[in-house]
Amino acid sequence: MNSYKVREILGNYVFIVPALALFAIFSAYPFLKVFHLAAFEFDGINPQKTFVGWDNIVDILTNNPVFWASMKNALIITVLALIIQNLLALLLALACDRDIRFGNVYRVIFYIPPVLSGIVVGLIWQWIYDGNYGLFNHLLEFLRLGHLKRAWLADGDTALFAVAVIHMWKGFGWGFIVLLAGLQSIPRELYEAAKVDGANAWHTFMNVTAPLMIPVFILVSVLTILGTMQIYDIIVSTTGGGPGYHTEVPISRMISEMTGAGRFGYACAMGVVFGVVLLIVSVVQIRVSKAMKQA
Amino acid sequence: MSDREDAFLELAKKYEAETGVRVKFDLYAPSESYSQKVKAAAQTNTLPDVFGILGESRDLASFIKSGFVADLSDALAKDVTGSWRDRLFEKAFEVNQFKAGNSYGVTPGVYGIPLDMTTIQFVYNKDLFAKAGLDPEAPPRTWQDFMVAARALEEAGIQPLVSGFGEIWMLDALSSNWAMNIMGEEKFFDTYRGKVKYTDPDWVQVLSLFKEMTDEGVIVPGAVTMVNKTAEQTFANGRAAMAFNGSWCVNVYKGMNPTLNYGAFLPPQVSASRTIKIWGGAGSSFMVNNRSARKDQATAFLKWLAEADQQSFLANATNNLPANRKSLKDLSPILAQFADDIDNTTHPNVYPVHEDHRVLEAWSKGIQSILIGEKTPEQVAQEVQTAKEREMSRKK
């Protein structure tokens with residue numbers, strides 16, 4: 001290879017250096033650093049760290065019931081979001097995919113909650129759920145269901161579901177947009193052909209829409225799982241993880257270990273364990289979805 | 001601390017006019033963000049000349065052991081104008097001071113200058129007390145008085161007590177006030193040392209107080225997940241007659257409801273045999289960066305800031321308790337009530353022994369479970385003891 005050719009190839013690589021440097025500094029380095037710190041006892045202040053190897057990971061796996069309870073809470077919210085939030089998003093996307101009046105207005109309205117700050121959404125819903133002056137309790141009273149009134153976010157039986165509702169309200173608009181984009185990419189001729197063949201709406205959905213939407217369903221499901229398992233902002237602005245441990249989630253446990261207990265290394269180890277769990281769940285989800293597609 | 005920005009800027013101008021030294025204040029909110037910011041600054045060696053550490057004594061100890069904080073003992077001792085230290089409340093120094101043989105292994109010394117002080121007590125709405133037929137000038141002193149007052153308020157259709165019990169440190173503060181009152185400090189600390197179990201009847205009695213409040217409907221619905229800011233709004237708007245809050249609330253209530261007619265009282269005594277200890281001491285403190293080239297100038301500025309004129313100015317401008325004894329005479333009546341009990345304060349940062357964060361969390365979360373009627377005091381005591389034993393076995 002002559003020197004001109006080498007210079008030309010190297011010259012091309014120069015163009016990706018800025019992006020590569022940014023990726024290395026802000027993504028790759030912090031990512032690897034978490035694994036590194038997970039093997040140390042480190043308080044986040046003193047530069048001297050004590051190497052503990054796998055101890056933090058082992059302790060999380062065998063001796064930290066609160067962390068696994070928080071994982072279960074996040075899983076419950078995730079299952080609810082996967083079913084209710086995505087079903088609602090799909091129904092609305094199907095409705096807006098048709099030529100309905102004010103379709104664009106609905107799209108804008110449905111997409112407002114996802115763009116709001118989670119903290120702001122939490123504060124709004126805190127007011128709605130308030131035990132004394134909350135809108136929701138007023139509504140129940142109006143519907144002659146006053147006996148159901150309670151402080152929804154402070155009741156052990158309802159707090160987690162109340163938080164899940166907030167999360168789903170905030171999240172459905174995002175799924176709606178993605179699903180609608182998927183629906184609009186399906187050639188209209190297929191629907192016309194189905195109509196000519198005498199298919200009703202249900203048959204059309206099952207035989208035309210659903211098979212072609214499977215890649216979009218996989219995408220929405222995986223992103224719902226990843227997004228919901230990492231829920232935090234709504235928790236911190238509504239319940240703070242309480243009452244008791246009823247709404248603790250993995251991220252709130254990591255923050256508690258990091259800032260409350262001063263165990264930075266242990267919190268990083270929690271992040272590693274949590275990341276591995278998410279990876280496993282995502283791989284399983286993708287494999288199951290692919291198997292369904294082939295079936 | 002960002003609510004004090006105007007006052008600090010004013011003081012910076014005054015200091016520059018007097019000494020020619022320019023001081024730049026950078027204030028950050030909320031406190032959690034600031035705590036992370038100052039830790040990150042330490043990691044990158046970019047701490048300012050003077051900084052605060054919002055955290056537990058464990059964090060301050062780690063900053064000191066890492067060489068980030070200057071020992072001010074000599075500067076305090078060398079003061080030629082009389083003892084600088086004597087002008088400030090001893091209680092305010094306690095949180096910044098490490099004595100010989102401290103559990104953190106920090107070289108004995110004074111590592112910070114207190115800017116102001118706090119005490120955490122109960123506040124009550126005098127108008128709502130009068131409405132319920134209670135004497136607005138005679139707040140409850142004992143647990144029995146407290147429950148009588150709470151029942152009277154309830155009968156008058158007034159919600160008795162609100163507090164930010166969603167912030168677990170508030171539950172820790174209130175419950176430890178009662179725990180020290182019921183069992184005494186030695187037994188309290190022996191529990192932290194692992195010599196007394198949380199299942200001891202005295203600890204169960206502490207938890208039972210929360211159960212009694214729950215059973216009698218004393219606490220505002222939803223307070224168990226409420227942040228203190230929301231609780232402050234509830235009290236300031238007259239939606240609850242009493243609140244457990246710190247002296248900083250004077251400034252907060254002034255902003256929320258300037259006409260609020262209220263007073264302060266100590267947490268009701270459960271046992272008459274011991275005076276009730278409350279959380280308090282230094283509110284905010286400033287530390288000098290040990291690696292700063294301007295260490296002497298930074299120390300001189302802190303000394304100036306702790307003088308009576310500046311302390312009085314800060315107390316008036318921010319409605320906080322001053323750290324300087326001479327500034328007490330300028331206090332408003334409500335702040336004076338909070339200041340009355342400064343000598344009776346304690347704080348986890350000055351405890352001789354410290355409980356593990358996970359055990360304290362299990363304790364406070366357990367109280368939340370009692371407040372929602374989910375668990376009994378005995379169940380919670382057992383769970384906390386299990387958490388304690390788990391932590392003790394971890395440390396072995």
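1. Contact here means heavy atoms within 4.5 Å. By that rule, and leaving aside neighbours within four places in sequence, B:Asn177 is in contact with B:Phe244, B:Pro267, B:Ile276, B:Lys277, B:Ile278 and B:Trp279. The residue is found in helix 8 of chain B; helices (H or I, at least four residues) and strands (E, at least two) are DSSP runs, numbered from the N terminus. B:Asn177 counts as buried because its relative accessibility is 1%; buried means under 20% relative accessible area, exposed over 50%, and partly exposed in between (1.4 Å probe, protein chains only).

2. On the basis of the note: this is a predicted model, in which local features need pLDDT of at least 70 and side-chain atom pairs count only at pLDDT 80 or more, while totals for chains, interfaces and linings use all residues. Residues are numbered from 1 along each chain as its sequence is written, chains are lettered from A and ligands numbered from 1 in the order in which they are written, and side-chain values use heavy atoms, with hydrogens and water left out.

3. B:Thr119 lies in strand 5 (residues 116–125) of chain B and is buried, at 0% relative accessibility. Its side chain makes a polar contact with the side chain of B:Gln121 at 3.2 Å and reaches the backbone oxygen of B:Phe338 at 2.9 Å. A polar contact is a pair of N or O atoms within 3.5 Å; within protein, one must be able to donate a hydrogen and the other to accept it, and residues adjacent in sequence count only if both atoms are side-chain atoms. Beyond four places in sequence, the residues in contact with B:Thr119 include B:Asn245, B:Gly246, B:Ile278, B:Trp279 and B:Ile342.

4. Helix 13 of chain B (residues 308–318) has as its buried residues B:Gln310, B:Gln311, B:Ser312, B:Leu314, B:Ala315 and B:Thr318. These pack against helix 1 (5–19), helix 11, helix 12 (295–305), strand 11 (321–322) and helix 14 (333–339) of chain B. After the helix comes B:Asn319, with a positive phi near 55°.

5. Over all chains there are 45 aromatic pairs. Rings of Phe, Tyr and Trp (its six-membered ring) pair if their centres lie within 6.5 Å; planes under 30 degrees apart count as stacked, over 60 as edge-to-face and the rest as tilted. B:Tyr124 and B:Phe129 have ring centres 4.8 Å apart and planes at 55°, so this pair is tilted. Both B:Tyr124 and B:Phe129 are buried. B:Trp169 and B:Trp248 also make a tilted pair, at 6.1 Å centre to centre and 55° between the planes. B:Trp169 sits in helix 8 (residues 168–193) and B:Trp248 in the loop between strand 7 (242–246) and helix 11 (249–256) of chain B, so the pair ties together parts 79 residues apart in sequence. B:Trp169 is partly exposed at 31%, as is B:Trp248 at 26%. Ring pairs also link a cluster that includes B:Tyr124, B:Phe129, B:Trp143, B:Trp178 and B:Phe244.

6. The interface takes 32 residues from chain B and 37 residues from chain A. Together the two chains bury about 2,700 Å², 43% of it on carbon and sulfur atoms; buried area is the accessible area (1.4 Å probe) that two parts lose on being put together, summed over both. B:Thr225, B:Arg358 and B:Lys365 supply 21% of the area that chain B buries against chain A, more than any other three residues. The rule finds 21 residue pairs in polar contact across the interface, both residues at pLDDT 80 or more.

7. Which salt bridges join the chains through A:Arg263? Its side chain meets that of B:Asp356 at 2.6 Å, N to O, and that of B:Glu391 at 3.9 Å. A salt bridge is a side-chain nitrogen of Lys or Arg within 4 Å of a carboxyl oxygen of Asp or Glu. B:Asp356 is buried, with a relative accessible area of 6%. The count between chain B and chain A is 6 salt bridges. A:Asp59, A:Glu257, A:Arg263, B:Asp356, B:Arg358, B:Glu391 and B:Arg394 are linked in a salt-bridge network.
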